[in-house]
Protein chains: 2
Amino acid sequence: MTTIHEVARAAGVSISTVSYALSGKRPVSEKTRQRIEGAVRELGYEPDAGARMLAGRRTHIFALTEPLRADTHAPTHMAFVLAASVAARRQGYDILLLTDEQASEGMNRVAASNLVDAILVLDVAPDDERAVIARAVGTPTVFIGVPDDHQGLTCVDLDFEAAGRLAVGRLADAGHRRITLLGQTEAAYRRSNFPRRLVRGAQDAAAEREVVLDRAASGATVTEPSTVRTAIASALDRGHRAFVVHAADDVHELLLGTLEEHGLVVGEDVSVVSAAASFDTSSLRVPVDTIPLVPQQSCDLAVELAVRRLDEGAATPEIHLIPPEYRSAGSVAPARG
Amino acid sequence: MTTIHEVARAAGVSISTVSYALSGKRPVSEKTRQRIEGAVRELGYEPDAGARMLAGRRTHIFALTEPLRADTHAPTHMAFVLAASVAARRQGYDILLLTDEQASEGMNRVAASNLVDAILVLDVAPDDERAVIARAVGTPTVFIGVPDDHQGLTCVDLDFEAAGRLAVGRLADAGHRRITLLGQTEAAYRRSNFPRRLVRGAQDAAAEREVVLDRAASGATVTEPSTVRTAIASALDRGHRAFVVHAADDVHELLLGTLEEHGLVVGEDVSVVSAAASFDTSSLRVPVDTIPLVPQQSCDLAVELAVRRLDEGAATPEIHLIPPEYRSAGSVAPARG
DNA sequence: TTGAAAGCGATACCAA
DNA sequence: TTGGTATCGCTTTCAA
């Protein structure tokens, strides 16, 4: 194993100079820095993680807690884990996984043992027990998602309410007065709070714009195709020609397929807006206007907040809502009749 | 922060006694152990991770490398990550995530910096570049999956070949002479090697038993329902009444649905065996005989091998194939006429 | 611009 | 059965 001493000897300097040259925390003359970097490369030196933690009081590791519930939508969840991992690495941090039961016990453990510099919380529930722990431990914690009681917490999330408002607003702008929101199941609305935030925004906008907003439950993902088909048919019967979808890709496909079966062309006879989807909507059979949920945005911001807190000391806890962005694809047509 | 010194003082012993009492590496009298454990609990002591690494040359962390490819089946992948995490925790290890580009660069980095005690490799490709790195780094590495060139590596996996043999064997036992294997796409066969191992086993068994084995590509997951439906109908036309499925849940549902549409009853008119599925087949619309791929089995074994290697020194690198297990559910009926 | 040396908080060896 | 202490490899203060 190569140590800092060997690097120092090879470069003909002291170990402190090597340390400073590598961390940049003290100016080092260009010449010596060159020699040191040469020695580092030649010897394949990598600082010992344990020694670094002990001496530096910095582990360069973030914990990521994810309570893998049975109903978690795997692809979305994976996208968030990946985005968090990439964002962390870009800032020089590794990700330590805390799953399941460890979600709570693990947070305490890694905090008490100084294993991590900060904690990122994924898949946040309305009454998340991790909120309590976050307030208790000394380790900076950032939630990706917003629990009901978020006092004293730092949270990051898409502004779902604004997304709901935006979706309905655009359809209203196009003249639609009857809109159907193809959303999640009742159970999902209890488990998380972002779906209901989206609904609230949609309802607010509907009230303001004086449009009728019906809700049809589909589940985040398709479980009963026939039920969803029936709901869509019923909406069409009642003259609805505008749909907001907040669900996974298969629900989108089912909607588009059903509309097609009814002989309706999206962007002409009928309008569709996808709200807060985390998958790539461009791979759908028909281009659809989208207000995307971008995991990378949330995770980048979360990591940035964590790093800032570590570098600059205490940050004021607060909620950071990411403004939704509307991406047009021609699936919204002016209302007829 | 509570240190070992404070615990020692509170218990009226030396720090070495505290250390030994906690690690169990030296006998400690019952009385003193009690006092120490009391002090630990009272002070909420948790050993400092950095100090432990530095002094003990053990980090109690495993790296988990997962190259999240676009076509990765998320639910299966998540099941493996979860299983690995649980298995590791049970042995006192945390999991450090290495995703994507970090797969290779990260392995070198965590090995060189002594950040982890061992590396677990997930989602193994036939020509996996991580095999090369595993041979180069000093850190014990266990593959969950088997690359084509596995010389000098320690690998763990389901015995897919035996699973393929078993599936065909059971159907042949029931008198079937024409069997259709509903498997993956050509692309998938290139990307991984376990699907082809399963096919090989199935073909071997078919040759031995003198049965006709046709293959129908479906993709690991459904992309073109109509194509798959057509393939199934064609098989039925050709008198096939036995199916082996190696795919995700949606393909299973599609098969069962299509058979139903043809007025065929599974377990009576037609036989179905699910091979190497990692999802819960009991939630299918019809009970299906299954040869499951249990992530927990693979991950438990992988962690055990890693731990054994750490505790007992060098282990002989080798391939550990987990024997498949047949779970009957009444979906295999005797062949007719 | 650089060096010397004091810790950081455990582990584990050597004694008693 | 227990205690004292050298040691791990780095960061950082204090001096030069």
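Strand S2 (residues 94–99) of chain A is joined to S2(B) by 3 bridges, and the two strands run antiparallel. A:Leu96 has B:Leu96 as its bridge partner in S2(B). This is a predicted model. Strands of a sheet pair through backbone hydrogen bonds, either parallel or antiparallel. Here the pairing links one chain to the other.

In chain B, 30 residues are in contact with 30 residues of chain A. Four elements of chain B give two or more residues each to this side: helix H4 (49–56), helix H5 (74–90), strand S2 (94–99) and helix H6 (102–112). H5(B) supplies the largest share, with 8 residues. By class, the side of chain B that touches chain A holds 16 nonpolar, 9 polar and 5 charged residues.

How are the two chains related? Two copies of a chain are related by a rotation about an axis and a shift along it. For chain B on chain A, the rotation is 180° and the shift along the axis is 0.0 Å, with an RMSD of 0.1 Å. That is the relation of a two-fold axis. The interface residues tell a matching story. Of those in chain B, 97% are also interface residues in chain A, so the copies meet through the same surface.

Now turn to the packing inside chain A. Two packed helices are described by the angle between their axes and the distance between the axes. Helix H5 (residues 74–90) of chain A packs against helix H13 (residues 295–312) of chain A at about 40°, with the axes 8 Å apart. H5(A) and H13(A) are therefore oblique to each other. Their crossing is right-handed. H5(A) brings A:Ala79, A:Phe80, A:Ala83, A:Ala84, A:Ala87 and A:Ala88 to the contact, and H13(A) brings A:Pro295, A:Gln296, A:Cys299, A:Asp300 and A:Val303. These residues divide into 9 nonpolar, 1 polar and 1 charged.

Next comes the sheet of chain A. This open sheet has 5 strands in the order S7-S6-S8-S9-S10, with parallel pairing. Strand S7 (212–217) and strand S10 (289–291) of chain A stand at the edges, each with a single partner strand, so one side of each is left without a neighbour in the sheet. Neighbouring strands are turned by 20° against each other on average, direction ignored. Within the sheet, strand S8 (residues 242–245) of chain A and strand S9 (residues 271–275) of chain A run parallel and are joined by 4 bridges. A:Phe243 has A:Val272 as its bridge partner in S9(A).

Helices pack on this sheet. Helix H8 (residues 160–173) of chain A touches strand S6 (178–183), S7, S8, S9 and S10 of chain A, and its direction makes about 170° with that of S9(A). Helix H12 (residues 249–261) of chain A lies across S6, S8 and S9 of chain A, running at about 165° to S8(A).

H8(A) also packs against another helix. Its partner is helix H10 (residues 194–209) of chain A, at an angle of about 35° and with the axes 6 Å apart. H8(A) and H10(A) make a right-handed crossing. Among the residues that meet are A:Gly164, A:Ala167 and A:Val168 in H8(A) and A:Leu198, A:Gly201 and A:Ala205 in H10(A). By class, the contact has 12 nonpolar, 3 polar and 6 charged residues.

Strand S6 (residues 178–183) of chain B pairs with S7(B) in the parallel sense over 6 bridges. B:Arg178 stands opposite B:Val212 in S7(B).

One helix pair of chain B remains. Helix H1 (residues 4–11) and helix H2 (residues 15–23) of chain B pack at about 100°, with their axes 8 Å apart. H1(B) and H2(B) are therefore roughly perpendicular to each other. The contact joins B:Ile4, B:His5, B:Val7, B:Ala8 and B:Ala11 of H1(B) to B:Ile15, B:Val18 and B:Ser19 of H2(B). It has 6 nonpolar, 2 polar and no charged residues.

Terms used:
Residues are numbered from 1 along each chain as its sequence is written. Chains are lettered from A and ligands numbered from 1 in the order in which they are written. This is a predicted model: local features need pLDDT of at least 70, side-chain atom pairs count only at pLDDT 80 or more; totals for chains, interfaces and linings use all residues. Two residues are in contact if their C-beta atoms, placed from the backbone, lie within 7 Å. Ala, Val, Leu, Ile, Met, Phe, Trp, Tyr, Cys and Pro count as nonpolar, Asp, Glu, Lys and Arg as charged, and the others, Gly among them, as polar. Two strands pair if DSSP finds at least two bridges between them. Copies are superposed by least squares on the C-alpha atoms of residues with pLDDT of at least 70 in both. Axes are lines fitted to C-alpha atoms, for helices over the stretch in contact, and angles run from 0 to 180 degrees between N-to-C directions. Angles under 35 degrees count as roughly parallel, over 145 as roughly antiparallel, 65 to 115 as roughly perpendicular and the rest as oblique. A crossing is left-handed if the near helix is turned anticlockwise from the far one by less than a right angle, and right-handed if clockwise.
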